[in-house]
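Dear colleague,

Please find below the structure that I promised to hand over, with my notes following it. I would be grateful if you read the notes with the coordinates open beside them.

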Amino acid sequence: MDPHQYCQQKAAGSGSSFYYSFLFLPEDKRRAITALYAFCREVDDVVDECSDAAVARMKLAWWRNELAAAFHGTPQHPVARALAEVAPRFNLAEARLSEIIDGMQMDLDHHHYPTFDALRLYCHRVAGVVGLLSAEIFGYQDRRTLEYAADLGLAFQLTNIIRDVGEDARRDRIYLPLDEIERHGVSLDDIARSRETDNFRRLMEFQIERAQGYYREAFSKLPAADRRAQRTGIIMAAIYRTVLDEIRHDGCHVLSGRVSLTPVRKLWIACWTWIRS
């Protein structure tokens, strides 16, 4: 298969909510955002699927070389080849793509974050930067749209963290800021042993409200002139905010299970949001 077919399979096979928002884009933008998403999935899989940290570091180093080859040489991997094709047309900067790898590297160096400020840097690298690159693909007239895109990326990552607390804990990773865990009267042992106490529920409601705050902040910065061009991000936000609503409605039972929406519901939200926006 050609590079773009590979990226399409990578995106579709992930089952991600993002995939459903890509369906409404014209072909050239869909190919570009799918290549970007496939790149994010490849480097994220390095960290998630390698049990040996040394091997994961070697693989990330290999991806850094592939990324450099995509801009200055001849890349080998189909995702890097797809990026090499779309990057010049959509102003996808090498430095920003490299920063995504920096974020994945943080997963190898840190399993906990002491404060939200420390976590925010991680979220910016693995998601805020993706928001900035996505905005370049979707198009904009007003540079304030980049502020919206960065905040929206942070909101997406905070949603992922909330949804995946239990799953991450089983990998010995806790992304909830340690000072906030302590302040809410929750222990790391509570999280490791999936004890969903009243204090834990209050901790998660605090996290949900902050994530919702980032969604509100993002949309307050989106200029009206760019709202139509950025509809794909608006669709993503509608799906992710629905996940947050479901988590809260379910009682924040994120340690014992993982809230997800069915493909049909995601598609319905995507279609309805596209029509409304």
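Predicted model: local features only at pLDDT ≥ 70, side-chain atom pairs only at ≥ 80, totals over all residues.

Isoleucine 100 touches Leu36, Phe39, Cys40, Val43, Arg125, Val129, Val130 and Leu133, leaving aside residues up to four places away in sequence, where contact means heavy atoms within 4.5 Å. Residues are numbered from 1 along each chain as its sequence is written, and side-chain values use heavy atoms, with hydrogens and water left out.

Ile100 is, with Phe39 and Ile191, one of the residues with the most contacts inside the largest nonpolar core, which has 96 residues. A core here is a set of buried Ala, Val, Leu, Ile, Met, Phe, Trp, Tyr and Cys residues joined through side-chain atoms within 4.5 Å, and buried means under 20% relative accessible area, exposed over 50%, and partly exposed in between (1.4 Å probe, protein chains only). Helix H7 gives the most to this core, with 13 residues; helices (H or I, at least four residues) are DSSP runs numbered from the N terminus.

H7 covers residues 116-138 and has a kink of about 50° centred on histidine 124, the bend at a residue being the angle between axes fitted to the seven residues ending there and the seven starting there. Of the 23 residues in H7, 17 are buried, and the helix is followed by glycine 139, whose phi is positive, near 100°.

Turning to charged pairs, the structure holds 25 salt bridges, each defined as a side-chain nitrogen of Lys or Arg within 4 Å of a carboxyl oxygen of Asp or Glu. One of them joins glutamate 42 and lysine 10 at 3.7 Å, N to O, and this pair links distant parts of the chain, since glutamate 42 is in helix H3 (residues 27-49) and lysine 10 is in helix H1 (residues 3-14), 32 residues apart. Glutamate 42 counts as buried because its relative accessibility is 10%, whereas lysine 10, at 21%, counts as partly exposed.

Glutamate 27 forms a salt bridge with arginine 31, with the closest N and O atoms 4.0 Å apart, and both residues lie in helix H3, 4 residues apart, about one turn of the helix. Lysine 221 and glutamate 217 likewise meet in a salt bridge, at 3.5 Å, N to O; they are separated by about one helical turn because they are 4 residues apart in helix H12 (residues 198-221). Salt bridges that share partners also join Lys10, Arg41, Glu42, Asp44 and Asp45 into one network.

Aspartate 48 lies in helix H3 and, at 27% relative accessibility, counts as partly exposed. Aspartate 48 touches Arg171 and Arg173, not counting residues up to four places away in sequence. From threonine 145, aspartate 48 is 97 residues away in sequence and 32 Å away in space, C-alpha to C-alpha.

On the surface, tryptophan 268 is in helix H14 (residues 263-276) and counts as exposed because its relative accessibility is 56%. Trp268, Trp272 and Ile275 make a nonpolar patch of about 400 Å², a patch being made of residues with over 30% relative accessible area and no salt bridge, with nonpolar side chains (Val, Leu, Ile, Met, Phe, Trp, Tyr) joined within 5 Å and like charges within 9 Å.

With best regards

Note on methods. Areas by Shrake-Rupley, 256 points an atom, 1.4 Å probe, with all protein chains shown as cover. Helix = DSSP H or I, 4+ residues; strand = E, 2+ residues; numbered from the N terminus.
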